[in-house]
Amino acid sequence: MLKAGNAQAMATITIDNRQYEVDDGQNLLSACLSLKKNLPYFCWHPALGSVGACRQCAVVLFKDADDQRGTLVMSCMTPVKDGAIYSIDAPTAQDFRAGIIENLMTNHPHDCPVCEEGGECHLQDMTLMSGHTQRRFQGRKRTHNNQYLGPFINHEMNRCITCYRCVRFYRDHAGGTDLQALGRNHQVYFGRQEDGLLDNGFSGNLVEVCPTGVFTDKTYSRHYVRKWDLQTAPSVCEHCAVGCNTAPGARRDGKGDPRQLRRVTNLFHRQINGYFLCDRGRFGYEYANSAARIYTPQAALTQPLIQTTAGSAKVHQSLSPADAVARLAVTIAQMRSGNRRVIGIGSSRSSLENNFALQTLVGREHFYAGLDERSLALLKLVDRIQRDPRVHSPGTPEIERADMVIVLGEDIADTAPRIALAVRQAARSAQIARAGELKIPAWQDDSVRQLTGIRTPLLVASAERTDLDDIASCRVRAAPEQMVALADVLAQALTAESGEIHAPDIAGLDTGEFTALVEQLKQARHPVIVSGCGLQSQELLQAAARLAFAVAGHKEANHRQTDSREARAALYLACPEANSLGLAQLCDARQNLNQLHRERQSEHTPQPTTLLVMEADLYRQLPASVADQLCAGVDEIIQLEIVHNRTSARADLILPAAATPEYEGTLVNSGGLAQRHYAVYEGSGWIQASWRWLADAAAASGELAGAELSGDEETHARLQSLARWRHVTQLSVALAESYPELAPLAELGPDWDQTIEGQKTARQPHRYSGRTAIQAERQVAEYKPLPDDDAPMAFSMEGIQFACQSPLQANNWAPGWNSNQAIHCYQPKPGAARLGHSSGQPLARKAVVFHSDSAAGDAARPTADPSDGFRILPLYRMFGSGELSNYAGAIASVTEEPFAVFHPQDLELLSLTAGQQIAITESGDRWQLLAKVSDTIPRHCIGVSTGFTQMASIPGAYIEREQIAPGDA
Amino acid sequence: MISILRSLWLVFRHLFTRRVTVEYPEEMPYLAPRYRGRIVLTRDPDGDERCVACNLCAVACPPDCISLQKMEDADGRWRPEFFRINFSRCIMCGLCEDACPTYAIQLTPDFEMCEYDRQNMVYEKEDLLINGPGKYHEYSFYRHAGKTVSGKAKGEAAGEAKPVNVKSLNL
Amino acid sequence: MNTGHADIAMTLLNIFGVLTTAVLLTALLTWGERRLLGFWQDRPGPNRVGPFGLMQVVADMIKLFFKEDFIPRFADAPVFLLAPTIVMATTLLAFVVVPFSPAVGVIDMHIGLLFFLAMSALAVYSVVLGAYASGNKYALLGGLRAAAQTVSYEVFMGLSLMGVVMLAGSFDLRSIVMAQENGWFLLPQMLGCAIFLVAGIAESHRLPLDLPEAEHELTAGFHTEYSGMKFGLFFVGEYLSILLISALVTTLFLGGWLGPWLPPLVWFALKTFALVCLFILLRAALPRPRYDQLMAFGWKVMLPLALLNLVVTGSVLIWRG
């Protein structure tokens, strides 16, 4: 719902001679669905409101108890009225609805068997619900030609029933421009002007929003199975730090293909993703199926002949898991006896439990975050700011209700897309508030949108143009330093009693605009400030924090907030990876890769050294020359990894690690919410969670003779506890005991043996098919399902099937509701939080007042003259900046090549041309990029694509003019 | 007492009635064309596989002994990449045939399919596919369905009008 | 009795001839019963092995012999092993008194009929011991039923024969046959014959009075735990009892070997065969009564009837002098 969910007045209504208490102010359709009545609808969507387009939800409204005939009304357009009498089952309403669906179906193309929506189709459900079973229409069917909409979405226009949901979502909700309703009367066509990729980053939601199969998931279609054949479990998206809840679907392949993950769909979480996911989250799952996936342990060949032909990359061959564990165990045994040093490198995209197991193995002093100095410092800073009692991290509904949003530097449309979608809704909050004053309910979508010209103040300060520019009331393009100045002046304006406030010197920001901004900020009751690590500027984060503190002070002083929670300023700080903030809890700021590199350079230990890298690519964090030095300086590299990367190419031993949907663990999102993801499927090959490899090896090392004789007590105790862990929940409890911040992990989810009325939760739906045939090619006797040691869930159909009975059940299904619209059956009312326990616990971080320290500032500018050097600004792309999603085939096919964006005058100055390859060199490293030109980037700044597979790390903050040269053709 | 004697007499009289047993291997019984025996996959009148890998047979199957995987060919048709029936589990109930929207899966009057090795009861698509339309000679799903396949563009299926040109002014 | 060598040879021939024939006929009966049941149920019955399926008997024997000789670990092994042999032994022993023809017959006893009654009473031990030794609740229930049923029906089985004994004035079976030269005892002793038949069915626990086995309630009753040849012995014992009861009815009520034109042995065989067929027909046609009905029928109907028969026969004999 778009409306605030505060304490609401109740209304008593009568439906089919029974009385009900429902929330007042909602529409009748929403009320009927809250009462779990089966009332068909198409155009209404809880997040999009009502427009009354499809006429499917007709019910009869009676004037009073004596009225026998009543009048037909569209329930989605009718506000519930206290004392009103309605009928869903009245013959007039039923006949009307049957007639509507019969009309909608006249042109439907008789292709359900070959439609990807079949089996989870809202249209199928509603047709059945309305009772239309026999086609009477004898005329010809209207047909349309389809369009090519890119590698993600398939278009099959003939299935359309013209409910307009797609354009209402795509244009009105997500701000897309390239999909529209074309044609007229019964020939309306939903498509683009011409074939081409849908360019909005939320286009994937069309698959779920469309009630039938006009828009279907193309990647899913390539390895398609019906919804009832997908086993699923609650998971958390691993492609950014927002922490959207997902329901990945997987099915074992009948031919022994290891690629089991089939698709990702949205799992409703009221506070985070609501009904929608971004395209990186939806289509990025394919990395788990990519050709680069590691399925078996691999060891580097030691013959020098082969090695020399392969360069620094090693040639690997598979070995059995037992041998691999034995090899790792030897290393650990040597570490135990003091004959070897093992350095663990943790991961910001892996779970807390995996990192903790690694830390337990190597000891806290030998544990390093798999991040460079700059990134880790930023994360620690985010952590410190979030601990301040004056700020809090807003959830999505709070952002959507904000009456002012200030985006400082972070390109959230590309680094935290779901937050950008929420900000986009915030842009309408003023409109909705005005509608409320006019007594127009928020769900009256079309009426509310008639109030044009009323927009929520939205300041977007960015390095380059962003996808939020179209809704920004004030756009500023500036270097981070200028944004810092802007934020500080705004903070000053809030705190200062009076006096002149001067607009900072930023091109394009005039005094009038600035004064208006200050005034809006002073008026705002619920402002939200958004920033993040994207620009890699600590100054900027601190400035955002100072502005937030000023807002909090202003709120307290002027609005006299009674609730202390209300008085806190909403500050959203976006982090780069799914568990960035979690990793930051486990290590100090100095435990970074640059520090490790410096230590390795300076000190020379007599013992041999092993680098144990877990789910991290050193070459993504460090410039290649530094990473090379780090790798060359150790005797052995052992890597636990999901997909092959440049670090694994140099590893002596590679162990196949589970991808997020394959194991259970805890991730901490940007808002400091610890969420657990569960294993959706068993994983192929010898894949297992990283911590299990480590625990197995620790146990094996204990059995090696002589290992117990020497070594210190503490190491020994650590390894023993690691070897004893059998369930991931044991690690969570140990984590909760070791780190006070992580104490909530102990209460995060059901323990592995905690069943509900003796039942586990089934991962497979009760209609799962092919149980006795799918494996029969290899062995006709059925395999026993694998047990799950981590969660009370079964890799079979046995157990709880309904999401209302178990919080672990992610299959969105209810009797009569096969599509994802079934979600309302698990909500007290449409749009409200799911029934039962919603996953996620905020970290228990102690409140500490934040003092910004200038010492932790950004790297100083080397030269005083700006015309000599260039400021490097990291730029992000939804497709291209995600480490794992870059391995997804469909995403890789639309990713640009790495680029550098110049201001036209700078380009001229450097005598380069757009479209030309350029090379940037810095102390032995060379980056080859495609030169692009943009007049929106500030002068003396180069925007460099960040996180792209070919060149993940970027040069330092400043480079000299000489470092830029034309590149190879 | 009388009833006991009467039943004795009635049963005794059966000594002189005809036996109903058909002595099977020597004498083949007549099985109706709709007898529910071995399952086959049929082809449409043009000789193409009828199965469109919709998975309805698999979900209808009570012992879950049908498994298949959809793939899409260059001609736009959906086909099963593999189609497997584990006949050692099959109960010949015919629900798969009822569920099939394209008449692809059909049960035949052949039931002589015993094996010494249970593994040999697993039939793949190659074993199931026959070279004919089975009981339904005329039906071809793709002639009716609106999905475009090679040789049938939009608007060419049964009962379809020519595609609308959205950019035309004569809507 | 003469004691010449020829006589000894003749006696031995008689003994072996009678025993072998009895056992072989029993074997044949297992096939014959199934064929007849088949005919009465409009199907052919076993007809696959050998001509008319006759070799089915051999096939079954091979099967029984080669089955695992299994003794449950909870069973009382010696008794468990002994029980099936008792039924065989007692039933075969009862055959010695049956006069098959003037020339054929193992032994003539003055108390032939009493010997038969004694032997058939002993047979119940087999069932009760076997059931008890099995250590199985169904077997025990079956054994209890068998004990009660046999003891009850034993009473009027003996009483029902007293009429015949009074008419013939002897317990010697040969004398009883000879006494029927002027007319079978079936006519004067119709009631006695019927009672004896019913009691005989109950004694051999054949359907419809097979309460000790009653597979619908007790799995297989007293022989639940038996398999292989030990089960085979129970099985053969049951068929032997059918033969025995049929042979006795022939002897006591149907004039034994007496009959015109045909040789005496053939007459005896024909009469016995007809009775065996009647036994099988009873199985094919009649359902099993409830256990309480069986007991009530025995004590409240059969016993008074047997006594009545005895009194009437005695009175008539006295009246006629």
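A residue is counted as buried if 20 or more other C-beta atoms lie within 10 Å of its own, as exposed if 12 or fewer do, and as partly exposed in between, with C-beta atoms placed from the backbone. The structure is a predicted model, in which local features need pLDDT of at least 70 and side-chain atom pairs count only at pLDDT 80 or more, whereas totals for chains, interfaces and linings use all residues. Residues are numbered from 1 along each chain as its sequence is written, and chains are lettered from A and ligands numbered from 1 in the order in which they are written.

By the burial criterion, 5 of the 7 residues of strand S2 (residues 66–72) of chain B are buried, so this strand is largely enclosed by the rest of the structure. Helices (H or I, at least four residues) and strands (E, at least two) are DSSP runs numbered from the N terminus, and two strands pair if DSSP finds at least two bridges between them. S2(B) runs antiparallel to strand S3 (residues 78–86) of chain B, to which 7 bridges join it. Within this pairing, B:Met71 stands opposite B:Arg79 in S3(B). The hairpin of S2(B) and S3(B) has 5 residues between the strands, and B:Gly76 takes a positive phi near 85° there.

Chain A comprises 30 helices and 39 strands. Its radius of gyration, taken over C-alpha atoms, is 29 Å. This value is close to the 30 Å given for 969 residues by the globule rule (2.2 Å times the number of residues to the power 0.38), so chain A is as compact as a globular protein of that length. Along the principal axes, the C-alpha atoms of chain A fill a box of roughly 95 × 80 × 60 Å, and 57% of the 969 residues count as buried. Two residues are in contact if their C-beta atoms, placed from the backbone, lie within 7 Å. Among contacts in chain A between residues at least 6 apart in sequence, 74% join residues at least 24 apart.

An automatic or database domain assignment divides chain A into domain 1 (10–89), domain 2 (107–222), domain 3 (298–374 + 581–741), domain 4 (379–578) and domain 5 (859–966). The centres of domain 1 and domain 3 of chain A, taken over C-alpha atoms, are separated by 58 Å.

In chain A, 5 strands form an open sheet of mixed pairing in the order S2-S1-S5-S3-S4. Strand S2 (18–23) and strand S4 (71–74) of chain A stand at the edges with a single partner strand each, so one side of each is left without a neighbour in the sheet. Strand S1 (residues 10–15) of chain A pairs with S2(A) in the antiparallel sense over 6 bridges, and A:Ile13 stands opposite A:Tyr20 in S2(A). Helix H2 (residues 91–104) of chain A packs on the sheet, touching strand S3 (58–62), S4 and strand S5 (85–87) of chain A. The direction of H2(A) makes about 155° with that of S3(A), where axes are lines fitted to C-alpha atoms, for helices over the stretch in contact, and angles run from 0 to 180 degrees between N-to-C directions.

The contact between chain A and chain B takes 38 residues from chain A and 40 residues from chain B. On the side of chain A, the largest share, 3 residues, comes from strand S6 (residues 141–143). S6(A) pairs in the parallel sense with strand S6 (residues 160–163) of chain B over 2 bridges, and A:Thr143 stands opposite B:Pro163 in S6(B).
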